[in-house]
Protein chains: 2
Amino acid sequence: MAGRPTIYDVAERAGVSKSLVSLVLNRSPSVSEASRLAVEEAIAALGYRPSRAAANLAARSTRLVGVLIDDYTNLWFVDLVRGLRTTLGEHGYRVTVADMATAPPTENPVEGFLSMRVEGVVVAMDVPAALSDPAAPPVVIAGTRRAAPPDADSVTNDDAVGARLAAEHLLSLGHRRLGHLTASGGAAVVRRASFVEAVERSGATVVTIEHDGPTDEQAGFDGAIALLETHPETTAIFAANDLMALGALGAARQLRRRVPEDLSIMGYDNTPLARTRLVDLTTIDDNSFAVGIEAGRLLLDRMNDADARTGAGAGATSDGHARATHRTLEPDLILRGTTGPAPAAAP
Amino acid sequence: MAGRPTIYDVAERAGVSKSLVSLVLNRSPSVSEASRLAVEEAIAALGYRPSRAAANLAARSTRLVGVLIDDYTNLWFVDLVRGLRTTLGEHGYRVTVADMATAPPTENPVEGFLSMRVEGVVVAMDVPAALSDPAAPPVVIAGTRRAAPPDADSVTNDDAVGARLAAEHLLSLGHRRLGHLTASGGAAVVRRASFVEAVERSGATVVTIEHDGPTDEQAGFDGAIALLETHPETTAIFAANDLMALGALGAARQLRRRVPEDLSIMGYDNTPLARTRLVDLTTIDDNSFAVGIEAGRLLLDRMNDADARTGAGAGATSDGHARATHRTLEPDLILRGTTGPAPAAAP
């Protein structure tokens with residue numbers, strides 16, 4: 001072995017992964033006593049010393065992970081954060097959430113995370129350009145997002161499958177005149193394409209109303225009003241998410257269309273709102289708790305890699321880091337009270 | 001002037017407040033050029049040097065404020081955070097929000113804020129004991145809270161007035177058999193006392209159902225079911241907050257009581273949920289955006305005081321800091337679709 005020992009040498013001698021060495025160096029509580037002793041013996045035997053950069057990193061470790069979301073009022077993020085905190089909390093990391101909607105126009109939440117020296121970022125919105133900077137901390141994408149850097153890890157439910165489940169559910173209830181409410185955003189684009197394809201393949205028709213802006217309650221309300229005024233024959237609406245479905249339910253109420261007797265409405269996300277007794281929304285569960293668990297795991301790997309890279313010095317870094325991991329989880333149909341059989345055609 | 005010059009000497013010579021000197025020392029962008037020059041001249045003329053502690057503080061300034069809430073799913077906090085970010089953002093501070101509901105059992109959000117070295121905390125829940133520690137950063141309480149330290153500043157809407165507005169509204173619609181749904185929590189206690197007093201003073205009757213736990217949708221649903229099964233003569237329900245009112249609306253739906261024809265329901269907070277077309281909830285606006293603006297101002301004052309104290313050294317600190325400021329804002333009645341005239345008595 002020539003030259004100064006690296007973290008790889010320590011890992012080899014201790015018979016563990018370099019990620020585990022990194023955890024020991026960072027005094028992670030998740031390491032077993034036996035592994036810790038093995039790593040410490042290898043460090044002593046080899047005379048390994050972390051580089052200055054790594055030592056600084058360890059000393060200044062913030063153990064903080066930032067989660068970036070669009071809007072606190074879209075409760076999709078709550079189960080995601082619960083999942084992230086479950087995984088990351090076990091490894092001594094804390095989670096902080098920033099949304100764009102309450103930010104003053106002058107404030108850049110990504111810069112905010114950097115100034116807080118977060119050690120990793122979970123992006124649960126279309127990806128801001130600042131996070132593609134090579135100096136940015138490790139990033140994991142949660143959900144289907146536009147502008148996701150190709151080398152970033154990602155975890156998402158399968159939006160194409162979920163939207164197809166929505167179409168199949170409504171078609172199985174006899175609906176033949178469907179509407180779809182959508183807006184901008186990476187996940188909405190995938191859901192729309194899959195829903196429209198599944199409906200048209202069946203021979204039924206679908207009218208899509210695209211709102212130019214966020215996928216919020218107002219978008220769902222405006223879209224449903226426009227849809228039902230121009231296409232009153234519509235008997236079922238699939239909204240791109242639960243918040244838009246809430247707006248569509250408000251539109252149905254205003255137009256005195258009974259749900260589900262006259263009009264079926266379903267959403268996507270299975271948010272806490274969908275589970276309330278008043279809303280009682282048929283929806284697609286995107287399993288955001290499981291997405292959070294898995295995104296937390298991927299981010300831990302990335303953060304440990306980043307530590308290990310610094311510790312090993314330049315030259316030992318060509319391995320692995322550019323290979324992105326993409327996990328896809330299966331969504332589920334959740335049957336509740338807002339969908340029912342298609343009404344008999346008007347005489 | 002004997003001994004080493006203090007921040008008070010600088011302030012006096014420059015003809016400004018010590019808070020403004022502190023802002024200059026912290027390179028706040030909110031100081032006018034003229035004030036900055038005056039302070040810098042006074043510093044040079046007196047040979048003032050900030051103490052080591054103050055210099056460290058400035059160098060390590062995180063410009064971060066933590067907001068502590070119960071639960072992301074209670075959207076009450078969104079307007080509060082928007083108000084806080086408006087005030088604090090102007091002074092270069094960022095805001096991070098932590099909730100208790102998604103935290104793993106092992107995690108203490110207060111410790112999390114301390115490890116992130118927040119410079120101030122806004123508490124929008126009953127106050128955790130750790131924040132009464134003298135070493136904790138400055139705290140401002142938002143809302144009526146249990147266990148609030150007596151020397152902490154606070155901003156709240158007037159919960160007693162708000163609950164009285166609710167009672168007067170329902171009484172003016174002819175309701176004489178009222179129900180109130182409440183749970184634990186400082187604000188709920190005040191709202192309950194005021195509501196019950198106003199109803200009983202009028203000669204009408206009120207049945208209170210107290211849920212042992214958080215003021216969430218489930219509490220509202222369970223409470224309303226219990227109320228309506230034991231007291232079916234009830235024609236109007238005031239819930240301690242909008243989320244409990246959402247649960248009560250779900251209970252009314254399940255029991256096939258039409259709202260507002262058979263049963264009026266109102267909440268408190270005027271959350272984004274209350275404003276949606278489906279929920280369309282009559283409620284009390286607690287002006288949480290304005291509470292956030294004002295809480296941000298008080299916290300800025302506290303943080304500047306803390307800086308100035310450190311800079312002036314011990315002995316110059318006896319002034320002012322123990323006097324707490326308590327601001328109370330007027331709430332407003334918001335009329336929407338869930339309240340109406342009392343139904344005619346059954347024959």
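How many salt bridges does the rule find across the interface of chain B and chain A? The rule finds six, a salt bridge being a side-chain nitrogen of Lys or Arg within 4 Å of a carboxyl oxygen of Asp or Glu. This is a predicted model, in which local features need pLDDT of at least 70 and side-chain atom pairs count only at pLDDT 80 or more, while totals for chains, interfaces and linings use all residues. Residues are numbered from 1 along each chain as its sequence is written, chains are lettered from A in the order in which they are written, and side-chain values use heavy atoms, with hydrogens and water left out.

**The interface**

- The contact (heavy atoms within 4.5 Å) takes 39 residues from chain B and 39 residues from chain A.
- Chain B and chain A bury about 3700 Å² between them, 55% of it on carbon and sulfur atoms; buried area is the accessible area (1.4 Å probe) that two parts lose on being put together, summed over both.
- In chain B, Arg85(B), Arg277(B) and Leu278(B) lose the most area to chain A, together 23% of what that side buries.
- One of the salt bridges joins Glu111(B) to Arg94(A), with the closest N and O atoms 3.9 Å apart.

**Helix α10 of chain A**

- Helices here are DSSP runs of H or I with at least four residues, and strands are runs of E with at least two, numbered from the N terminus.
- The 13 residues of α10(A) (residues 242–254) should span 18 Å at 1.5 Å a residue, and the end C-alpha atoms are 18 Å apart, which agrees; the expected span is 1.5 Å times one less than the number of residues.
- Eleven of the 13 residues of α10(A) are buried, so the helix is largely enclosed by the rest of the structure. Buried means under 20% relative accessible area, exposed over 50%, and partly exposed in between (1.4 Å probe, protein chains only).
- The buried residues of α10(A) pack against β6 (177–183), α9 (217–230), β8 (236–239), β9 (264–266) and β10 (283–285) of chain A.

**Backbone exceptions**

- Most residues other than glycine have a negative phi, and most peptide bonds are trans.
- Just after α10(A), Arg256(A) takes a positive phi of about 55°.
- A cis peptide bond with omega of about 5° joins Val259(A) and Pro260(A), and Pro260(A) lies in the loop between α10 and β9 of chain A.
- Asp269(A), in the loop between β9 and β10 of chain A, has a positive phi near 130° and counts as buried at 4% relative accessibility.
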